Amino acid sequence: MKSLINFFEKVGFSVTSRIHRLGTATRLFFLILLASGESFKRFQLTMKEIYFTGVMSLVIIIVSAFFVGMVLGLQGYYTLQKYGSSEAIGVLVALALVRELGPVVTALLFAGRAGTAITAEIGLMKATEQLSAMEMMAVNPVGRIIAPRFWAGVIAMPILAAIFSMVGILGGYVVAVIVIGVDEGAFWSQMQANVDFRYDIVNGVIKSLVFGVACTIIALFEGYDAPPTAEGVSRATTRTVVTSSLVILGLDFILTSFMIGG
Amino acid sequence: MDKIKFDAWVGIFVAIGVISLLGLAMKVGNLTSNDIRETYSVIAHFENIGGLKPRAPVKGAGVVVGRVKSIIFDTEAYHAIVKIDIDKRYVFPKDTFANIYTAGLLGEQYIGLEAGGDMKNLSEGDRITQTQDAVVLEKLISQFLYTKASEED
């Protein structure tokens, strides 16, 4: 009987603590929105963060996009060739990248490359009491430290996703047209006939924008909420990657079903 | 110095992003080609639309001239009412023929318009009276088998 009550206590605690964290994260989100005036008035702050989250992620984004595009080209070619429609390879590569892989893989890489850095940085700032020191000097740490990072992430993500899609398509082009020898005209014209600007490209951009908000807010919250110890910061960094990846994949399903259904 | 470096790199980053997006829109997407802006809509009644879907292309002589806007089922006459948006640049006579064709053997279905000889042109809200339904393979096969069987008698 005692152990049964213990069990329910554990379940109840884990549920309420999760809801509590969700509430704190939502409150942080609104605090950021309220305090984000400074990150646009002094755009230099945001600019610096775009450099760290966006520009520094360019290399990993471009290299992985190129490989993803090349693999899509190879795999797609060997399957489509069986049905004698290897010219459709351009459509396959473009639609897969623009609709799904571009936003999703970019967001996953972004969570690993930039999200962890944000969490560790803010967690350490909190552990070394830099955030409290700021408050003592009557500087709002949310406006000065957190909001610029949030807007930098939101701005950088769609740009990175667009670069990912374009580079991936070029990778597919290299494999399909230059290496395998699919007709170049058919490759591009089939692609243009089947990729719709409004329904495919704009939806991809919307997706990456949503992922940008989700990824950055998770990274910021985990850092802001981390226990101020070395262990706490390391755990928070791990949680950033795990939570962001799950949220990205879950949101992707929800967004896709809205975009296709609606 | 540092400030200029950040600005320059962010500038390059945003520029690459914009170029990629433009590349996607122009080279990959169909923003430049068959861009239909101003349209007029006409309706057509079909007994059977087969696998026609909203946003399916409407073609005249193979050129995309419009898109299917909506398909509804009429409960009074029990047929399908298809609303078609046609680009304002293209005009068709009032006795135009609307047929539902299939692109390729297994491809998507589209509406093909064949111009008639009427002096007046279709305008907003008009109805295309002469239509031909989609070919349903099962019907075709059963008809074929039926005639085969009757020949043998």
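**Chains A and B at a glance**

Chain A comes out with a mean pLDDT of 90, and 99% of its residues reach 70 or more. Keep in mind that this is a predicted model.

**Confidence in chain A**
- Among the elements of chain A, helix α4 (residues 58-82) has the highest mean pLDDT, at 93.
- At the other end sits helix α8 (residues 184-194) of chain A, with the lowest mean pLDDT of 81.

**Where the chains meet**
- On the chain A side, 25 residues are in contact with 20 residues of chain B.
- The side of chain B that touches chain A is made up of eleven nonpolar, six polar and three charged residues.

**Domains of chain B**
- Chain B is assigned two pieces: domain 1 covers 1-33 and domain 2 covers 39-136.
- Between the C-alpha centres of domain 1 and domain 2 of chain B there are 41 Å.

**Strands around β4 of chain B**
- Strand β4 (residues 79-87) of chain B pairs with strand β1 (residues 39-46) of chain B, antiparallel, over eight bridges.
- Opposite B:Val42 you'll find B:Ile84 of β4(B).
- Strand β3 (residues 63-74) of chain B also runs antiparallel to β4(B), again with eight bridges.
- B:Arg67 has B:Asp85 in β4(B) as its bridge partner.
- The hairpin of β3(B) and β4(B) has four residues between the strands, and B:Tyr78 in this hairpin takes a positive phi near 55°.

Terms used:
Residues are numbered from 1 along each chain as its sequence is written. Chains are lettered from A and ligands numbered from 1 in the order in which they are written. This is a predicted model: local features need pLDDT of at least 70, side-chain atom pairs count only at pLDDT 80 or more; totals for chains, interfaces and linings use all residues. pLDDT is the predictor's confidence in each residue, from 0 to 100. Helices (H or I, at least four residues) and strands (E, at least two) are DSSP runs, numbered from the N terminus. Two residues are in contact if their C-beta atoms, placed from the backbone, lie within 7 Å. Ala, Val, Leu, Ile, Met, Phe, Trp, Tyr, Cys and Pro count as nonpolar, Asp, Glu, Lys and Arg as charged, and the others, Gly among them, as polar. Domain bounds come from an automatic or database domain assignment. Two strands pair if DSSP finds at least two bridges between them.
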